[in-house]
Amino acid sequence: MARKPKAQDFPDPEKMLAAALEASAIIHLRGGRAALIGGFAMQFYGSPRLTKDVDLAADREIEMPDSWPETGKRLTFGGRRVASPLGIDVDIMVRSDAFSDLYREAVETAVESEEGLLIVQPEYLAAMKLAARRPKDEDDLIYLLSMPGLVDRREARRIVRRYLGGKFAEDEFMSFADEADWRRVREER
């Protein structure tokens, strides 16, 4: 017998924003800097993609207060998942792998949203999505590249070349840009 589909529960975006702002403030008060990345950052850039957690890239490990307990999930590439008092999981990523310099620079150059939350610039987010290489990240990358004027492709190519492996990575990035252009033209017809 086939399993019946069940609607997914997604957190209230206002709660997600509150959790992101509070986590960022705690990190800042403890001497660090953090910027929004991941699916929730995609929403700030206009994406309709839903997500169940908040992802922050941080410039260093910060001990969170007891009211933000670790969920027991350590992130394999560096960082940890904590549970906010609002019931929203927050991944605090401090990369300790080949992409640590990309993430560090992305946090350093993050821009502040109207709500007061630092968000990684779309050029860095595009590079992060290319590096992650999961299907949802590739979809996010194509979305970012398909939005006219959102990503400075020249700057994104520079970032990709610098942090993701030179000419090969740059060529792969441009293949995603070509696909984004093709999809945008197809949708305009």
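## Helix α1

The expected span of a helix is taken as 1.5 Å times one less than its number of residues, while helices themselves are DSSP runs of H or I with at least four residues, and strands are runs of E with at least two, numbered from the N terminus. This is a predicted model, in which local features need pLDDT of at least 70 and side-chain atom pairs count only at pLDDT 80 or more, although totals for chains, interfaces and linings use all residues. Residues are numbered from 1 along each chain as its sequence is written, and side-chain values use heavy atoms, with hydrogens and water left out.

At the start of α1, a side-chain oxygen of D12 comes to within 2.9 Å of the backbone nitrogen of E14, and α1 is followed by G31, which has a positive phi near 90°. Among the residues of α1 that are buried are M16, L17, A20 and I27, where buried means under 20% relative accessible area, exposed means over 50%, and partly exposed lies in between (1.4 Å probe, protein chains only). The buried residues of α1 pack against β1 (34–37), α2, β2 and β5, with contact meaning heavy atoms within 4.5 Å.

## Strand β5 and its partners

Strand β5 (residues 89–93) is largely enclosed by the rest of the structure, because four of its five residues are buried. Two strands are said to pair if DSSP finds at least two bridges between them. With strand β2 (residues 53–58), β5 pairs in the parallel sense over five bridges, and D53 stands opposite D89 of β5.

Strand β4 (residues 79–83) is also joined to β5 by five bridges, but these two strands run antiparallel, and V82 has V90 of β5 as its bridge partner. The hairpin of β4 and β5 has five residues between the strands, and G87 in this hairpin takes a positive phi near 85°.

A search of the whole structure finds one aromatic pair. The rings of F40 and F44 have their centres 5.4 Å apart and their planes at 85°, so this pair is edge-to-face; rings of Phe, Tyr and Trp (its six-membered ring) pair if their centres lie within 6.5 Å, and planes under 30 degrees apart count as stacked, over 60 as edge-to-face and the rest as tilted.

Both F40 and F44 lie in helix α2, four residues apart, which is about one turn of the helix. F40 counts as buried at 4% relative accessibility, whereas F44 is partly exposed, with a relative accessible area of 27%.

Helix α5 (residues 135–146) has twelve residues and reaches 16 Å from its first C-alpha to its last, close to the 16 Å expected. Its buried residues include D137, D140, L141 and L144, and the buried residues of α5 pack against α2 (38–44), α4 (122–132), α6 (153–164) and α7 (166–188).

K129 has its place in helix α4 and counts as buried, at 4% relative accessibility. The side chains of K129 and D140 are joined by a polar contact of 2.8 Å, that is, a pair of N or O atoms within 3.5 Å, of which, within protein, one must be able to donate a hydrogen and the other to accept it, and residues adjacent in sequence count only if both atoms are side-chain atoms. Not counting residues up to four places away in sequence, K129 touches several residues, including G38, M42, R49 and D137.
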